Amino acid sequence: MKYYSTNHQAPVANLRKAVVKGLAEDRGLYMPEEIYKLPQAFIDDMPAMRFQDIAYNVASQFFGDDVDLDGLQDLVYDTLSFDCPVVKVKDNIYSLELFHGPTLAFKDVGARFMARLLQYFIRGERKGETVNVLVATSGDTGSAVANGFLGVDGIDVYVLYPKGKVSPIQECQFTTLGRNITAIEVDGVFDDCQRLVKSAFMDEELNRHMKLTSANSINVARFLPQAFYYFNAYARLKALGLDNLVMCVPSGNFGNICAALFGHQMGLPVKRFIAANNANDVFYNYLLTGRYEPKPSKQTLANAMDVGDPSNFARIINLYSQDGKLSPEETHRRITSLISGATYSDEQIREAMRSCYAETGYILDPHGACGYRALQEQLQPSEVGVFCETAHPAKFKEKVDEILGIDIDIPERLAAFMRGEKQSVNIPNDFEAFKAFLMNA
Ligand SMILES: *Cc1c(COP(=O)(O)O)cnc(C)c1O
């Protein structure tokens with residue numbers, strides 16, 4: 001499979017390059033040149049298949065040309081060492097629980113897959129040379145990437161985060177790991193961390209000295225595997241005799257819903273999609289007006305969705321404009337015929353958490369609450385709604401406890417991180433200091 005850039009000014013790349021580079025030379029996002037339809041026989045058989053086997057079949061459509069099938073199977077099975085179950089919340093509304101992985105959020109799936117795919121590509125070539133992954137985080141990405149790569153041979157990870165700006169629960173998920181993970185605490189804000197990482201990729205001396213790569217969320221190896229659990233959700237509900245599905249995805253950078261839309265292009269039988277947003281409403285407004293007007297992000301209760309210019313918007317446009325061949329109006333018409341939107345204030349998020357808990361006993365986190373509320377408001381009587389519960393509510397314990405007036409249990413795997421000892425390196429907000437640290441690492 002070849003991958004082209006959404007900006008069309010860069011050469012096409014093979015999978016290896018798309019994964020190692022992340023972003024194309026023209027700063028566009030890589031898109032697969034083809035999206036193969038899955039055979040109808042596979043769609044029909046899915047309800048009787050296990051999650052890992054469904055995922056392997058989906059993965060082979062994308063990665064089967066570039067990764068040998070045995071290797072790909074190992075990679076998929078090893079990535080999905082935890083389940084993504086579909087849980088009934090109330091009549092016609094189901095929660096696709098994506099928080100059963102190591103860091104209790106859906107980003108575990110993509111991060112684990114990417115770590116293993118990168119390892120697959122570097123194994124054997126330039127023996128003994130370590131690949132260094134640099135990642136800047138404002139909280140959740142760092143933990144998913146660090147844990148995804150933890151213990152993966154031949155790869156060292158450096159997580160840069162702003163000192164004092166991530167929550168203690170988030171911090172312990174990447175500072176207590178040790179082994180091939182180094183946490184670097186920067187005297188600055190998130191944007192400073194991102195700037196240090198970008199400067200490192202540009203620095204010739206540093207790149208001669210060590211092999212650097214990034215693991216940001218727009219990487220094809222992080223976003224495409226998210227399609228796996230949408231196929232599995234369909235299969236589990238179909239096995240219960242349920243059909244006519246509406247998938248509702250709490251969205252920020254739109255990677256997760258983009259993977260669902262790729263799944264739909266491959267033949268996943270979902271009737272329509274809802275993109276549920278917090279107060280950051282640029283996609284919602286695009287659906288209403290046909291105009292895309294990025295804005296600075298607003299801070300909300302569902303902070304992992306505080307994005308004012310979602311990177312994967314370009315992928316969605318490419319998907320429905322047939323790679324720019326259709327007019328903006330026709331593209332917008334196609335998108336709005338399949339996807340509807342929703343935008344909620346913090347108060348509306350709180351209301352959704354409270355009413356769901358009072359009515360059903362199910363505890364939503366603030367992100368999943370946007371999805372639940374959108375289904376409550378938009379689901380038709382003949383439809384079955386599934387929303388993604390994108391993180392475990394205990395990751396936002398203080399907020400959830402306060403909103404619901406409860407004392408939510410902390411799952412053991414989260415508690416284990418909190419017992420660990422914090423290990424991090426403190427550096428000033430200065431590229432020369434960061435470079436010197438890497439040169440001597
Ligand atoms: C990252 C994240 C989201 C947003 O997902 P996108 O793929 O960026 O749209 C939603 N909820 C949680 C908990 C997240 O960590």
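**Residues, then the whole chain**

Biologist: Which residues does Tyr-344 touch, not counting residues up to four places away in sequence?
Modeller: This is a predicted model, and a contact here means heavy atoms within 4.5 Å. With residues up to four places away in sequence left out, Tyr-344 touches Asn-277, Asn-278, Ala-279, Ile-349, Cys-370, Arg-373, Ala-374 and Glu-377.

Biologist: How many Å separate the C-alpha atoms of Tyr-344 and Asn-278?
Modeller: Along the chain the two residues are 66 residues apart. Asn-278 is also among the residues that Tyr-344 touches. The separation of their C-alpha atoms is 4.7 Å.

Biologist: Does Tyr-344 count as buried or exposed?
Modeller: Tyr-344 sits in the loop between strand 12 (339–343) and helix 16 (346–360). Buried means under 20% relative accessible area. The relative accessibility of Tyr-344 is 3%, so this residue counts as buried.

Biologist: Where is Gln-378, and is it buried or exposed?
Modeller: Gln-378 is in helix 17 (residues 366–378). Its relative accessible area is 19%, and the cut-off for buried is under 20%. Gln-378 is therefore buried.

Biologist: Does Phe-106 count as buried or exposed, and which residues is it in contact with?
Modeller: Phe-106 lies in the loop between strand 5 (93–97) and helix 5 (107–122). Its relative accessibility is 12%, so Phe-106 counts as buried. Leaving aside neighbours within four places in sequence, Phe-106 is in contact with Leu-98, Gln-226, Tyr-229, Asn-256 and Thr-390.

Biologist: How many Å separate the C-alpha atoms of Phe-121 and Leu-15?
Modeller: Phe-121 lies in helix 5 and, at 11% relative accessibility, counts as buried. Leu-15 is one of the residues it touches, along with Arg-16, Val-19, Asp-66 and Val-67. Phe-121 and Leu-15 are 106 residues apart along the chain, and their C-alpha atoms are separated by 9.6 Å.

Biologist: What is the phi of His-8, and of Asp-323?
Modeller: Most residues other than glycine have a negative phi. His-8 is in the loop between strand 1 (2–5) and strand 2 (13–14), and Asp-323 is in the loop between helix 14 (313–320) and helix 15 (328–338). Neither is a glycine, yet phi is positive: near 60° for His-8, and for Asp-323 about 60°.

Biologist: What is the relative accessible area of His-8, and of Asp-323?
Modeller: Partly exposed covers the range between buried, under 20%, and exposed, over 50%. His-8 is partly exposed at 43%. Asp-323 is partly exposed as well, with a relative accessible area of 29%.

Biologist: Which residues touch the most other members of the largest nonpolar core?
Modeller: This core holds 141 residues. Its largest share, nine residues, comes from helix 11 (residues 227–239). Another core, of 17 residues, lies apart from it and includes Leu-160, Val-186, Leu-196 and Phe-434. In the largest core, the residues that touch the most other members are Phe-63, Phe-149 and Phe-283.

Biologist: Which residues is Phe-283 in contact with?
Modeller: Neighbours within four places in sequence are again set aside. The contacts of Phe-283 are then Phe-254, Ala-275, Asn-277, Phe-313, Ile-316, Ile-335 and Ile-339.

Biologist: What radius of gyration does the protein have?
Modeller: The protein has 20 helices and 14 strands, and its C-alpha atoms fill a box of roughly 65 × 50 × 40 Å along the principal axes. A compact globule of 441 residues would have a radius of gyration near 22 Å. The protein agrees with this, at 21 Å.

Biologist: What percentage of the residues is buried?
Modeller: The protein exposes about 17,500 Å², and carbon and sulfur atoms supply 48% of that area. Among contacts with a separation of 6 or more, residues 24 or more positions apart account for 73%. Of the 441 residues, the buried ones make up 57%.

Biologist: How many Å apart are the mean positions of the positive and negative charges?
Modeller: There are 44 positive and 55 negative charges. The distance between their mean positions is 2 Å.

Key
Residues are numbered from 1 along each chain as its sequence is written. This is a predicted model: local features need pLDDT of at least 70, side-chain atom pairs count only at pLDDT 80 or more; totals for chains, interfaces and linings use all residues. Side-chain values use heavy atoms; hydrogens and water are left out. Helices (H or I, at least four residues) and strands (E, at least two) are DSSP runs, numbered from the N terminus. The radius of gyration is taken over C-alpha atoms; the globule rule is 2.2 Å times the number of residues to the power 0.38. Buried means under 20% relative accessible area, exposed over 50%, partly exposed in between (1.4 Å probe, protein chains only). Accessible areas come from the Shrake-Rupley method with a 1.4 Å probe; for residues, only the protein chains shown count as cover. Lys and Arg count as positive and Asp and Glu as negative; His and the chain ends are not counted. The place of a charge is taken as NZ of Lys, CZ of Arg, CG of Asp or CD of Glu. A nonpolar core is a set of buried Ala, Val, Leu, Ile, Met, Phe, Trp, Tyr and Cys residues joined through side-chain atoms within 4.5 Å.
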